[in-house]
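Biologist: Could you take me through this model? I would like to begin with the way the chains meet.

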There are 2 protein chains.
Amino acid sequence: MNPQPDCPFCRKLAAPPGSANGWAEAEIVWQFPHSVAVLGPWQFFTGYCVLVSREHATELHHHSHRAAFLNEMSTLAEAIGACFKPHKLNCESLGNLVPHLHWHVFPRFASDPERLNPVWLALERAKIDPAEKLRLETGTVPPAEVKTRLRDWLTANHAPTL
Amino acid sequence: MNPQPDCPFCRKLAAPPGSANGWAEAEIVWQFPHSVAVLGPWQFFTGYCVLVSREHATELHHHSHRAAFLNEMSTLAEAIGACFKPHKLNCESLGNLVPHLHWHVFPRFASDPERLNPVWLALERAKIDPAEKLRLETGTVPPAEVKTRLRDWLTANHAPTL
């Protein structure tokens, strides 16, 4: 489907990186052929990324390049796993707020006392508790290093690029 | 990876449907080549299914038939979408409690006042509130009919079977 003027992800995708409406260069982890991987804000889950489809589609079965897009999600998850050695990976496509296909790839660590719960319970608290928000935004690795490590792995493993 | 003796999903998969350790026949929606689709307990999300990989793998990049397994997930989501016309589909692979690959496919309906939130916030309340649990277990369509409608769609659309 063509870009939708009212879609926040379509607007981000259309804007040059670093421009007022686009993603910051520092956020962009990888330009896959069918998606863009960006660092997510909740770096308590060190390595957390959001993978945004280039195509505007609301559901997987509407996507013109579904298999390739899903493969990119899996590659990104593998990279996060390889770089940060989580206990488990959570891959989630919700789209309740922004119905343009995107994947949340959250690494979960054995050190997290809430590792058995979906991340959304903690993130709900962050909406009303600034200290919790700050805690969940803060990882053990600086964001610039998260990005570098992921890019190095993706480069070494010949991840596809645009 | 081979079946793991301590894995609840491996045990379910090994047991015949309808046996003490297996899924009930009434729960089983579809036997895909690489996964089994079963009706989920939270039928407030009418059509909610869990898709369990036949292979024991903890992460997608460890799965021997990843692309086919992901395609089965997308086919199941399409079936749920076609049968129950949700506003949005949520596809989630967590595995925090049972680290054997499975997808939660939750349809979200415009009539749900919590449609902008992940389902996990409501499901968390159900842990401590029996009335909320009952509400979330109860859909607008009886489970047997949910199963029939999904099976009819999957049959008509030539979904792959074991």
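Predicted model: local features only at pLDDT ≥ 70, side-chain atom pairs only at ≥ 80, totals over all residues.

Biologist: How many residues does the contact take from chain A and from chain B?

Modeller: Chain A gives 31 residues and chain B gives 31 residues; two residues are in contact if their C-beta atoms, placed from the backbone, lie within 7 Å.

Biologist: Which element gives the most to the side of chain A that touches chain B?

Modeller: That is α2(A), with eight residues. Helices (H or I, at least four residues) and strands (E, at least two) are DSSP runs, numbered from the N terminus.

Biologist: How are the two chains related?

Modeller: A rotation of 180 degrees with 0.0 Å of shift along its axis superposes chain A on chain B, with an RMSD of 0.0 Å. That is the relation of a two-fold axis. The superposition is by least squares on the C-alpha atoms of residues with pLDDT of at least 70 in both copies.

Biologist: Which residue of chain A comes closest to the rotation axis?

Modeller: Glu92(A), whose C-alpha is at 2.1 Å. Also, 100% of the interface residues of chain A are interface residues in chain B, so the copies meet through the same surface.

Biologist: Which strands pair across the chains?

Modeller: β4(A) pairs with β4 of chain B (residues 88-93) in the antiparallel sense, over three bridges; strands pair if DSSP finds at least two bridges between them. Ser93(A) stands opposite Cys91(B) there.

Biologist: What is the order of the strands in the open sheet?

Modeller: The ten strands run β1(A)-β2(A)-β3(A)-β5(A)-β4(A)-β4(B)-β5(B)-β3(B)-β2(B)-β1(B), with antiparallel pairing. β1 of chain A and β1 of chain B (28-31 in each) stand at the edges with a single partner strand each, so one side of each is left without a neighbour in the sheet.

Biologist: And within chain A, what does β4 pair with?

Modeller: β4(A) pairs with β5(A), residues 102-108, in the antiparallel sense over five bridges. Leu89(A) stands opposite Pro107(A) in that pairing.

Biologist: Turning to the core, which residues touch the most other members?

Modeller: The largest nonpolar core has 83 residues, and Cys49, Ile80 and Val105 of both chain A and chain B touch the most other members. Such a core is a set of buried Ala, Val, Leu, Ile, Met, Phe, Trp, Tyr and Cys residues joined through C-beta atoms within 7 Å. Val105(A) touches residues including Leu51(A), Met73(A) and Leu89(A), not counting those up to four places away in sequence.

Biologist: Is Phe106(A) buried or exposed?

Modeller: Phe106(A) counts as buried, with 26 C-beta neighbours inside 10 Å. A residue is buried if 20 or more other C-beta atoms, placed from the backbone, lie within 10 Å of its own, exposed if 12 or fewer, and partly exposed in between. Phe106(A) lies in β5 of chain A, and its contacts beyond four places in sequence are Phe45(A), Tyr48(A), Asn90(A) and Val119(A).

Biologist: Where is Lys85(A) found?

Modeller: Lys85(A) is in the loop between α2 and β4 of chain A. Its phi is near 50 degrees, a positive value in a residue other than glycine. Lys85(A) is exposed, with 12 other C-beta atoms within 10 Å.

Definitions and conventions: Residues numbered from 1 in each chain as written. Chains lettered and ligands numbered in written order.
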